[in-house]
Amino acid sequence: MKTLIIGGGVVGLSLAYGLTKRNEDVVVVCGSDEDYNASRGNFGLIWSQGKGLGCPEYSQWTQKSISLWPSFAEELAKLTGIDVELSLDGGMEYFTNKHEMEDFIESLHKVKKSNSDSQTYKYLNHEQLKLCVPEIGPKVLGATFMPGDGHVNPLQLLTALREGVRLGGAKIFNGSRVKRVYRSGDLYNAQLDDNKELSASRVIIAAGLGSADLAPMMGFKGTVVPQQGQLLITEKLPQFLKYPSGTIRQVNDGGIQIGGSTLDRGLDNKECIKTVSELASHAVDVFPCLEEVNLLRSWACLRVMTEDGFPIYQESKTNPGAFFITCHSGITLAAIHSVLLTEWIVGSERSPDLSMFSEERFNV
Amino acid sequence: MFERININENQVDKLSFTFDGKVVSAYQGDTVAAALLGAGYKCFRETPVLGLNRNPYCMMGSCYDCLVSIGGRNVQSCMVECEQGMVVERVSHTKLTGIRPHEVS
């Protein structure tokens, strides 16, 4: 069966990769460099800490994906020769504000209670933390640590997935926007901006923020919400940060990446000095040694959020074979998307129950 | 390795600065990178993670390979004009940040 995937980011390509591994015929339409491209601007975390409050299935799904990541990364490296720089040594969240810390610990406690399979977080006070991360500053009250969390080089991942999909025999159309997607008989057709038409018996809409326009054409609600995050990167330093955090991590070639801002700015993807300086000053509070370090670049990118923050995996009721797939955590979930979500798409006997992630949960 | 072209020694102002404690002579208008290359330096710094030798590559502010430390900050030596008595040091991240690198696996 031929599958047309609209969206050449990490989410669309993880599915394309899973499908080509099953010897399916796959065509991917990848938008242009001017699109919002969350896959090119993200922070690269593989993260369970703090996720799944109010949805234990999401916590389990996340945990399962993290457990699949080592073999996923190894398989990609073997196939493509590209090292995605995976490291899963555990993740820290550093706190300089008492209320934020208490609220966060309470949410970790609730997630753990609702999903006993999840990793057990540890709370470290300043003194305990100082023993394993001696570089922390006096303003750090403590940290929560989640074993098994980590990070990856998101650009290497995108490159490896593209290469893996290409080697798997899929065709990728680059720089092509889908203007319209429609059904004619048993086929789904996509009209590209150069008026070229592609058709397949299965269509997966995984176009990030672009899904807002495309998913309703197939009868989905298609609500995706942009949330702006800004990121900074410093000059390269010797490797000293073993554990990434939600706001500070050291990339493989030595730069310190700083991020974690959340702003509701609609589709505005420009960074601003105020946020850049807030992010930098938080990073210096946590690691005073960064004060004299040069900042090289800053940028903003738009997260692709759903209304409740959990993924949407939906097959159309009226257009069987048409799927709408979206999530915030495309990096963390890349491993499971390439395996279990792919099984669900093709409807194999190993297909998981994903009814929790149906779009119908938003119908009140 | 590098030599100056078509220059009338009598028409330029000369100055000197130090790199890692050693005196380097330069002409007014030289960038620090040009002066160091002219003085025969073949390695400006070592990369922070793998410790590989680095020299200027682009000479136009783009590649960051020519980093040196001036006044306690890491700067691109190709973007800084030499000044008389300037103290230029090799980049030392350990000194700069107090970082104790853990072993790179």
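## An exposed loop residue in chain B

Gly29(B) is exposed, because 12 other C-beta atoms lie within 10 Å (a residue is buried with 20 or more other C-beta atoms within 10 Å of its own, exposed with 12 or fewer, and partly exposed in between, C-beta atoms being placed from the backbone). Its place is the loop between β2 (22-27) and α1 (32-38) of chain B; helices (H or I, at least four residues) and strands (E, at least two) are DSSP runs, numbered from the N terminus. Between the C-alpha atoms of Gly29(B) and Cys63(B), 34 residues apart along the chain, the separation is 21 Å.

## Model and numbering

This is a predicted model, in which local features need pLDDT of at least 70 and side-chain atom pairs count only at pLDDT 80 or more, while totals for chains, interfaces and linings use all residues. Residues are numbered from 1 along each chain as its sequence is written, and chains are lettered from A and ligands numbered from 1 in the order in which they are written.

## Domains of chain A

Chain A has domain 1 (2-80 + 154-223 + 307-362) and domain 2 (91-149 + 225-305), with bounds from an automatic or database domain assignment. Taken over C-alpha atoms, the centres of the two domains are 27 Å apart.

Contacts (C-beta atoms, placed from the backbone, within 7 Å) link 25 residues of domain 1 of chain A to 31 residues of domain 2 of chain A. On the domain 1 side, α2 (38-41), β3 (45-46) and α3 (56-80) of chain A are the elements that give two or more residues. The largest share, 5 residues, is that of α3(A). By class, this side has 10 nonpolar, 14 polar and 1 charged residues; Ala, Val, Leu, Ile, Met, Phe, Trp, Tyr, Cys and Pro count as nonpolar, Asp, Glu, Lys and Arg as charged, and the others, Gly among them, as polar.

## A buried loop residue in chain A

Tyr121(A) sits in the loop between α4 (98-114) and β5 (122-125) of chain A. Tyr121(A) is buried because 22 other C-beta atoms lie within 10 Å. Beyond four places in sequence, the contacts of Tyr121(A) include Gln49(A), Leu108(A) and Phe145(A). The C-alpha atoms of Tyr121(A) and Phe145(A) are 5.5 Å apart.

How values were computed: Two residues are in contact if their C-beta atoms, placed from the backbone, lie within 7 Å.
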